[in-house]
Amino acid sequence: MAAVNHPIDLSVSLGPLALANPVLTASGTFGYAAEFANLAPLARLGGVVVKGISLAPRPGNPPPRIVETPCGMLNAIGLENVGVDRFITDKMPFLRTCDCRVIVNILGDSSEEYAALAARLTGVAGIDALEVNISCPNVKKGGVAFGTVPEMAATVTQAVKAATDLPVIVKLSPNVTDIVAMARAVETAGADAISLINTLIGMAIDARSRRPRLANVIGGLSGPAIKPVALRMVWQVASAVSIPVIGIGGIATAEDAVEFLLAGATAIQVGTANFFNPATTGQIVDGIEAYLRQQGESSVRGIVGSLRLDA
């Protein structure tokens, strides 16, 4: 196939949400974007997904909260955030200047909290979509995570959809037996798109002190180590649902991103790589464009789900 010299169309759509390109940042790894203003080309990105927001401020877990692992990291931040009111007054003014889509990740301890957050954020200038973190514990159900029971995930999705007219993306947890069942449940409940995967549960131990390395004992594993698991789950979900899928997990290069697109992801999110190379996101945008040109493709949409399974 011959390389193309004409402009490459990088635009994609996540349901009603149009993006200039498929590269987003992953919640919790990019702060509220201002932290990366001098490190990453914000206007070059498809969008930023901000740090998870709750109704009231959360202090998070005590330190140590981050531990480096082979090919990744464990975090137990504990969903620390400024709360929705301060987010709107203190963080949104800068986010409105980013010249890219702004997606707000929301979290709660009950479906009512999720709905209240969605309603509060609806109509706030500069917010383009909501990403629903269902890896949180449902306090009314004894701490069972919303994202591990299809019926609970569907209930939260329905509550958020009823409270907002913004596009709703539901972020799935990999810590389940059947990821496809979870995806189908939130699709049926009205989700406009699905993002996956959130972190895998893991732990680290200091053999000398015989103590856990995280104060919380367990945490979320992210980074290149989880990429094969994420890629498999994205492929399974993209093959089973009709709504767009956003791939997350160990993406650090343009080639990583392309693999997720070939597996069926319409867009991708960059997470842990932001910590060791803050310029990763912009480099991936450029790398995807270079790949498409070399492959003779005129649009990124042409490679989504084009994985070849024939011998």
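Trainee: Let's start with a strand pairing. In β18, which residue is the bridge partner of I248?

Mentor: The partner of I248 is Q269. Keep in mind that this is a predicted model.

Trainee: What makes β17 and β18 a strand pair?

Mentor: Two strands pair if there are at least two bridges between them. Three bridges join β17 (residues 245–248) to β18, and the two run parallel, so they pass that cut-off.

Trainee: How does the chain get from β17 to β18, and which hand does the crossover have?

Mentor: From β17 the chain passes through helix α6 (residues 254–262) and on to β18, and this β-α-β crossover is right-handed.

Trainee: Which other strand is joined to β18, and by how many bridges?

Mentor: That is β3 (residues 23–25), joined to β18 by three bridges and running parallel to it. Here V23 has I268 as its bridge partner in β18.

Trainee: Which way do the residues of β18 point, and are they buried or exposed?

Mentor: A267 and Q269 point one way, I268 and V270 the other, and all are buried. In general, side chains of a regular strand alternate between the two faces of the sheet.

Trainee: Why is T266 called buried?

Mentor: The cut-off for buried is under 20% relative accessible area. T266 has 15% relative accessibility, so it counts as buried. T266 sits in the loop between α6 and β18. Leaving aside neighbours within four places in sequence, its contacts include V12, P22, V245, L261 and V304.

Trainee: Now a sheet elsewhere. What is the order of the open sheet of four strands?

Mentor: The order is β5-β6-β16-β13, with antiparallel pairing.

Trainee: Why are β5 and β13 said to stand at the edges?

Mentor: β5 (66–69) and β13 (200–203) each have a single partner strand, so one side of each is left without a neighbour in the sheet. Neighbouring strands of this sheet are turned by 40° against each other on average, direction ignored.

Trainee: How do you know that β6 and β16 pair?

Mentor: At least two bridges are needed, and three bridges join β6 (residues 72–75) to β16 (residues 218–222), which run antiparallel.

Trainee: How many aromatic pairs does the structure hold?

Mentor: There are three aromatic pairs. One of them is Y32 with F87, whose ring centres are 6.0 Å apart and whose planes stand at 45°.

Trainee: What makes the pair of Y114 and F146 edge-to-face?

Mentor: Their planes are at 90°, over the limit of 60, so the pair is edge-to-face. The ring centres lie 5.4 Å apart, and both Y114 and F146 are buried.

Note on methods
Residues are numbered from 1 along each chain as its sequence is written. This is a predicted model: local features need pLDDT of at least 70, side-chain atom pairs count only at pLDDT 80 or more; totals for chains, interfaces and linings use all residues. Side-chain values use heavy atoms; hydrogens and water are left out. Axes are lines fitted to C-alpha atoms, for helices over the stretch in contact, and angles run from 0 to 180 degrees between N-to-C directions. Buried means under 20% relative accessible area, exposed over 50%, partly exposed in between (1.4 Å probe, protein chains only). A crossover is right-handed if, with the strands pointing away from the viewer, the path from the first strand over the helix to the second runs clockwise. Rings of Phe, Tyr and Trp (its six-membered ring) pair if their centres lie within 6.5 Å; planes under 30 degrees apart count as stacked, over 60 as edge-to-face and the rest as tilted. Contact means heavy atoms within 4.5 Å.
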